[in-house]
Amino acid sequence: MSEDHNHEAVIPGTHHVVPHHFASAFAEFDASKFGMWLFLVTEILLFGGLFCAYSIFRGLYPETFHEAHLELNKTLGALNTVVLLFSSLTMALAVNFAQRNDRKKSALMLVITLLCALTFLCVKYVEYSHKFHEGLLTAGFYKFEGIKAQNPGLFFSLYFMMTGLHGIHVLIGMTIITWVLIRTRKGDFNSKYFTPVELTGLYWHLVDLIWIFLFPLLYLIG
Amino acid sequence: MSEKHDHEHEHDHLILPVSLYVKVFVGLIILTGLTVLTSMFDFGIMNIVIAMIIAIIKSCLVVFFFMQLKFDDLGNKVTFASAFAFLVIFILLTSSDLFFRKHVEPLKIEASANQGETDQNKLRIATPELIVKGKQIFQVQCVSCHGAEGYGDGPAAAALNPKPRNYHTGQWRFGGSPTRIFHTLTVGSPGTGMAAYNNLSIEDRYALAHYVRTFNDHNPPDTPEDLKAAGLTGDKKAVVVEEKPIPIEMAMEKIEQPDEVTIPRGEKLMHPEAPGAKIYEQKCLNCHGLNGVGAQVALNEGQSPRVNPMTKGWQGIKADWLNSQSNFISVVSNHFPGSSFAGVADLTKDEWSQIYNYSRELSQAR
Amino acid sequence: MSNSSPATSEVTSPDYLHGQKGLWSWLSTLDHKRIGIMYLFTTLGFFLVGGFFAILIRLEHLTPGKTIMEANLYNTVFTLHGAIMVFMFIIPNVPASFGNFLLPIMIGAKDVAFPRLNLISYYVLWAGAALAICSIVIGGVDTGWTFYTPYSIRTGSAVTLMALGVFVMGFSSIFTGLNFIATVHKMRAPGMTFHKMPLFVWSTYATAIIQVVATPVIGITVALLVMERVFHIGFFDPKLGGDPVLFQHFFWFYSHPAVYIMIVPGFGIISELITAFSKKTIFGYKPVAYSSLAIAFASFIVWGHHMFVSGQSYLASMLFSVATIIIGVPTAIKIINWTVTMYKGHVSWDTPMLYAMSFIFMFSIGGLTGLFLIALSVDVHLHDTYFVVAHFHYVMMGGTVMAMLGGLHYWWPKMFGRMYPEKLARVGAFLVFMGFNTTFLPQFVLGYLGMPRRYYNYEPRYQPLHQLSTLGSWILASGLLLTFGYLLVSLWRGKKAPANPWGARGLEWTIPSPPPVENFTKEPIIFDAYPYGEEYDHKYPNLFPASGGAHV
């Protein structure tokens, strides 16, 4: 830290200037990644509240959950699971290719990730439309007649809250991935500096992680 | 955690082979298929256990390999794991409440609806057995407001306005004869904390009525008007007309409606030029109504005047406080127990005379 | 002028206040010190607003029944007092003002880990505050600051807007906490080990852990409340099969750790004040440091003690009661160690130390009265009475606000390069102390005698105590207004401050007052925490010149 103040630490091959309060480029990368893991902790706790509500209501109304979940489309749910897992693969590869300085492949992987995300949202749209049509809505608006167990609206409230919050995070993820894609194509990243891609990857894997739990809990109640 | 010495070196970022990612993906797909498959069979409680185990394995694959946590430093590992630790605490302790509540057993006293004697003509006559039974029920259902000795000073009374009935005063809002008290127990006392106790059987309500009458020696018997009002005449077996409580939704709607403070103003102030009329208008009108008709009239017309308790009409009443001016002053200048009347304190001697005479006039009207 | 340490008062390095000029340079700053100052003025401004509502409450309680407002307005006034004080003042104030300003300096860093995130967190606070202000302008909220369901679902007041405001302000807290954890782990100067960090850093770090873990849960809670009101999801609504007590679990899982967000930074300030004004190193550095972490972790297992009479199961109530007893232990360790630190120290009674002593006295009362409340059987009688109100005001105001005022006076010369007037400050401290105790001590008695909280009416027998409490509120308000008054005036008229007016020993006192933009113009010399005593005089001969205190 004994350089004079005018020295700008630019990472070679990019336009990125290492902020002066960091001792080195690695320090910046290390701190940024740590910061992202801290943020993921907050996401776990945010969704955690919904998982807590799920545990409580499933414990209180097991028959309701069993009967109500039959109205969900397992095939579409499984399809969405596969799509999201695949998008996690492509996102991880996008980071990997950025590390290898392969800008073209990294961008391609990002595009495929985006398409997968879009597919996910389209499938969700189909599912939601079906629910609205059938009156399978939140408890206060619930109109469907076919479930005999008590308080079926609670299950669908949970369904919409959990998949809804997840869907919002998919949208946010798509926005961030688009931004990273644009920067990748502009040549902002290389093997020495790819932090935004790495951090985006971490975020996207979290989105996948949440769905790994949502799918069996909502769609596969045995 | 000391700082890494890296000023000059490049840190080698770990670059995993692409094939590893693909293998992990394949594993994830297989596990997904497995979880779908197992959900098609009924393993009882094990279904959710198996599903969660598979989900945890899948998450580990994503976290350790896609997110590279396996190859990352301890700080990130501890950080991420701690999130789940706190989440588990949240779910566990919340469950320790939601799943471990005792179901409240109904109180094991003799009271329950539709049991026991229902002939009101019989029940309205006090018997030692009824009084003992009434005392038993009173000690469970009533003491929290009315106090163990019936002075209206139970623990909950601190927060009630108006205060609960003090049975020793011999004052009653709707009348102190057995059928009248039975009626109060049946429908409650509007504008107060006294609820309707029609969940108790008819016999239980009469038992309570007889018990609370024992606190004061001078409580009235049933008059012919009382019997008429109760639908009991002579020895005919009484037809019990029970009102069902209103549905919860309706009660909630009624609670949300704002109170109205209007007293009927259909008529004009009597003898408005009388000196007492001005004082009446300033100090008495809002609660006692035009010409002393009382807030009860407003209540009967479906309004909800915010006067607790309801002021009765003065027409035709004979009461000590209207018999002499000194009585009038002593009653009206003090807080009236059991009501929100705080007393009138700032009148001159002449003014007291005026309002006394005016009030007498109102009571003798019609 | 100052006879402070050499090489600090030349003009080659501009101080952070004057380095860049103009409003935009402040609004777009990435300097943690400027961000800290902006937070300071903002949160103290909200404190005055919340205090205004408090004065209204106390005025209303001069008489039973109506004094200056109707019952419905009263409900709104006490709700807003609580919500503004909790979410807009006391949670952000010490961490984001003092934490932002001091944390990097205390660990020898140039800035926090993520300066842009820091600035964003400040604007996010304003965004949330804007939503809250909209809610207040429309007519406010009348549910109590706890927003209990089902009333908060049904009431027509502006709950949705206020809930959204709380949601957004939560992000400010999360970003601050996240930044601080990353800063402490990754930005310490070479040689600054964890066990050389000042205790204020430990406490800020522990607070940051709570902020990151707990705040998302209030986020989901208020989000679900809004969903209840708009989409009738039914989780917390008995009409739809939900459970209102579940809302309370969600709410208190954050709000209990939140009270430790409020107090733990205050603990850190007290450690700094007591050591500086006793000229002695802290007794039991490691116990005090780790007790902050212990409190942070333990705070997550006790939330149900707010729900003893809500219909919670006996099992849960017992678990939470026992867990709460445990949390008293690390707190007691601190009080004991602070007191022992003063023993045989060279104690001086400047205003910051007066506030530290107020803290010890009043926080102890607050903490000990908490013991009454965690005993299940006693809590049945005291819950929702003025006893609880007095308890939490003693810990939050008698605790955190006293610590904040002490820290404000202690670091005022460092932040602004000006001294405050010491005589006037002592008058202010005295008024605050007397006013606070006059306001809140009677409330313990009121609660014990049965006066419920959040009640508009009360029986005439409570009136004398209420009137005494209201009188106290006027004394307290005058002390606070006097204090803020002379502090503001000192920005222009105060004596210029030396680098180390107190003769204290910490990294922040080795740099000029106010500090230069990059904090350290040379690589800082890292020493043990609180290096008071002759051995350190020899070891670091020129680092702590005997410039003495401001009062010398």
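Met40(B) counts as exposed because its relative accessibility is 60%, where exposed means over 50% relative accessible area, buried under 20% and partly exposed in between (1.4 Å probe, protein chains only). Met40(B) sits in the loop between α1 and α2 of chain B. Helices here are DSSP runs of H or I with at least four residues, strands are E runs of at least two, and both are numbered from the N terminus.

This is a predicted model, in which local features need pLDDT of at least 70, side-chain atom pairs count only at pLDDT 80 or more, and totals for chains, interfaces and linings use all residues. Residues are numbered from 1 along each chain as its sequence is written, chains are lettered from A and ligands numbered from 1 in the order in which they are written, and side-chain values use heavy atoms, with hydrogens and water left out.

**Nonpolar patch.** Met40(B) belongs to a nonpolar surface patch, along with Leu34(B), Leu37(B), Phe41(B), Phe43(B), Ile45(B), Met46(B), Val49(B), Ile53(B) and Ile57(B). Together they have about 970 Å² of accessible area, from the Shrake-Rupley method with a 1.4 Å probe; for residues, only the protein chains shown count as cover. Patch residues have over 30% relative accessible area and no salt bridge; nonpolar side chains (Val, Leu, Ile, Met, Phe, Trp, Tyr) are joined within 5 Å, like charges within 9 Å. α1 (18–38) and α2 (46–66) of chain B each supply at least two of the patch residues. The largest share, four residues, comes from α2(B).

**Chain B overall.** Chain B has 15 helices and zero strands. Of its 366 residues, 38% are buried. Its accessible surface is about 21400 Å², with 60% on carbon and sulfur atoms. Contact means heavy atoms within 4.5 Å. Among chain B contacts between residues at least 6 apart in sequence, 59% join residues at least 24 apart.

**Arg124(B).** This residue lies in the loop between α4 (120–123) and α5 (128–141) of chain B. Arg124(B) counts as buried because its relative accessibility is 18%. Its side chain makes a polar contact of 3.3 Å with that of Asn121(B). A polar contact is a pair of N or O atoms within 3.5 Å; within protein, one must be able to donate a hydrogen and the other to accept it, and residues adjacent in sequence count only if both atoms are side-chain atoms. Beyond its neighbours within four places in sequence, Arg124(B) contacts residues including Tyr206(B), His210(B) and Asp222(B).

**Interfaces.** Buried area is the accessible area (1.4 Å probe) that two parts lose on being put together, summed over both.

| Interface | Buried area | Carbon and sulfur share |
|---|---|---|
| Chain A and chain B | about 4400 Å² | 77% |
| Chain B and chain C | about 2200 Å² | 68% |

Asp72(B) pairs with Lys33(A), the closest N and O atoms being 3.0 Å apart.

In one salt bridge, Lys163(B) meets Glu459(C), with the closest N and O atoms 3.8 Å apart.

Methods
Salt bridge = Lys/Arg side-chain N within 4 Å of Asp/Glu carboxyl O.
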